[in-house]
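The sequence and the structure are shown first, and the description follows.

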Amino acid sequence: MNKLLLVGFAWTTFLTSGLQHPASGQHQHTAPRTPLQAGEAQAAHHSFLDQERAAIERGEGFGMAMVADRNGYPGPKHVLELKAELQLTPEQQTAMEKLFAQMKTQALARGKEVLRAEAQLDQLFAEGRPEPELQQQTNRVASLRGELRWVHLSAHLAARKLLTPQQLATYQHFRYAAHSVAPAFGAIE
């Protein structure tokens with residue numbers, strides 16, 4: 001199974017497992033899961049989290065910019081992967097390489113902050129800290145995740161400006177030719 005489908009499956013499983021688990025507080029009047037189903041959902045959830053953490057540690061987007069990509073704002077990494085098909089000029093390639101390097105540097109730095117903040121949130125829960133502290137740290141994590149996502153999204157905005165309309169059309173064709181349409185929300189690359 002390709003990475004896109006596997007991660008999309010893991011994310012879907014994660015989302016639906018919380019909706020169908022009777023103890024989740026969001027019971028939707030569905031049939032209870034068997035222990036095997038619950039275990040499979042938990043394994044998929046943990047696998048997804050491990051993959052996300054590894055991607056953040058590598059400075060990768062892990063789907064954070066999919067909304068840009070599928071709407072015609074290509075990312076520098078994928079543009080460079082398709083440089084021959086897009087017939088990038090030497091100037092475009094140099095600019096795209098610089099943009100990718102800047103994005104990666106920023107993503108690595110911001111990603112470390114996200115992972116530290118997540119670890120601190122985990123520690124606060126482990127210590128049984130008061131709700132206001134938990135909420136404050138949760139908001140900090142969310143803010144840092146938003147900043148990390150913006151690193152990736154802003155690189156997509158900048159990459160689009162470096163390409164011609166024909167290159168953008170070619171990019172969309174090659175990126176999504178295997179799909180009849182661009183991936184739906186929730187699909188993660």
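## Salt bridges: criterion and count

A salt bridge is taken here as a side-chain nitrogen of Lys or Arg within 4 Å of a carboxyl oxygen of Asp or Glu. The model to which this criterion is applied is a predicted one. A search of the whole structure gives 9 salt bridges.

One of them joins Asp69 to Arg175, with the closest N and O atoms 3.2 Å apart. This pair links distant parts of the chain: Asp69 belongs to helix α3 (residues 66-69) and Arg175 to helix α8 (residues 165-176), 106 residues apart. Asp69 has a relative accessible area of 0% and is therefore buried.

## Overall fold

The protein chain contains 8 helices and 0 strands, and its pattern along the sequence reads α-α-α-α-α-α-α-α. Of its 189 residues, 33% count as buried.

Contacts within the chain were also sorted by sequence separation. Among those between residues at least 6 apart in sequence, 73% join residues at least 24 apart.

## Packing of helices α6 and α7

Two packed helices are described by the angle between their axes and the distance between the axes. For helix α6 (residues 90-126) and helix α7 (residues 131-161), the axes come within 9 Å and cross at roughly 170°. Because angles over 145 degrees count as roughly antiparallel, α6 and α7 are roughly antiparallel to each other. The residues of this contact comprise 17 nonpolar, 6 polar and 7 charged.

A salt bridge also connects the side chains of Glu147 and Arg110, whose closest N and O atoms lie 3.1 Å apart. Glu147 is in helix α7 and Arg110 in helix α6, so that distant parts of the chain, 37 residues apart, are linked by this pair. Both residues are partly exposed: Glu147 has a relative accessible area of 32%, and Arg110 has a relative accessibility of 23%.

## Individual positions in helix α7

When its neighbours within four places in sequence are left aside, Gln137 is in contact with Ala117, Gln120, Leu121 and Leu124. Ser143 also lies in helix α7, but Ser143 counts as partly exposed at 40% relative accessibility. The C-alpha atoms of Ser143 and Val114 are 9.0 Å apart in space, while the two residues are 29 residues apart in sequence.

Leu157 is a further residue of helix α7. Its relative accessible area is 35%, and Leu157 is therefore partly exposed. Not counting residues up to four places away in sequence, Leu157 touches Tyr73 and Trp150. The C-alpha atoms of Leu157 and Gly75 are separated by 8.1 Å, although these residues are 82 residues apart along the chain.

How many aromatic pairs does the structure hold? The structure holds 1 aromatic pair. A pair of aromatic rings is described by the distance of the centres and the angle of the planes. The pair formed by Phe48 and Phe62 is tilted, at 5.4 Å centre to centre and with 45° between the planes. Phe48 lies in helix α2 and Phe62 in the loop between α2 and α3, so the pair ties together parts that are 14 residues apart in sequence. Phe48 is buried, with a relative accessible area of 4%; Phe62 is also buried, with a relative accessible area of 11%.

How values were computed
Residues numbered from 1 in each chain as written. Predicted model: local features only at pLDDT ≥ 70, side-chain atom pairs only at ≥ 80, totals over all residues. Heavy atoms only, no water. Axes fitted to C-alpha atoms, helices over the stretch in contact; angles between N-to-C directions. Helix = DSSP H or I, 4+ residues; strand = E, 2+ residues; numbered from the N terminus. Parallel < 35°, antiparallel > 145°, perpendicular 65-115°, else oblique. Nonpolar A, V, L, I, M, F, W, Y, C, P; charged D, E, K, R; others polar. Contact = heavy atoms within 4.5 Å. Buried < 20%, exposed > 50% of the residue type's maximum accessible area, 1.4 Å probe, protein only. Phe/Tyr/Trp six-rings, centres within 6.5 Å; stacked < 30°, edge-to-face > 60°.
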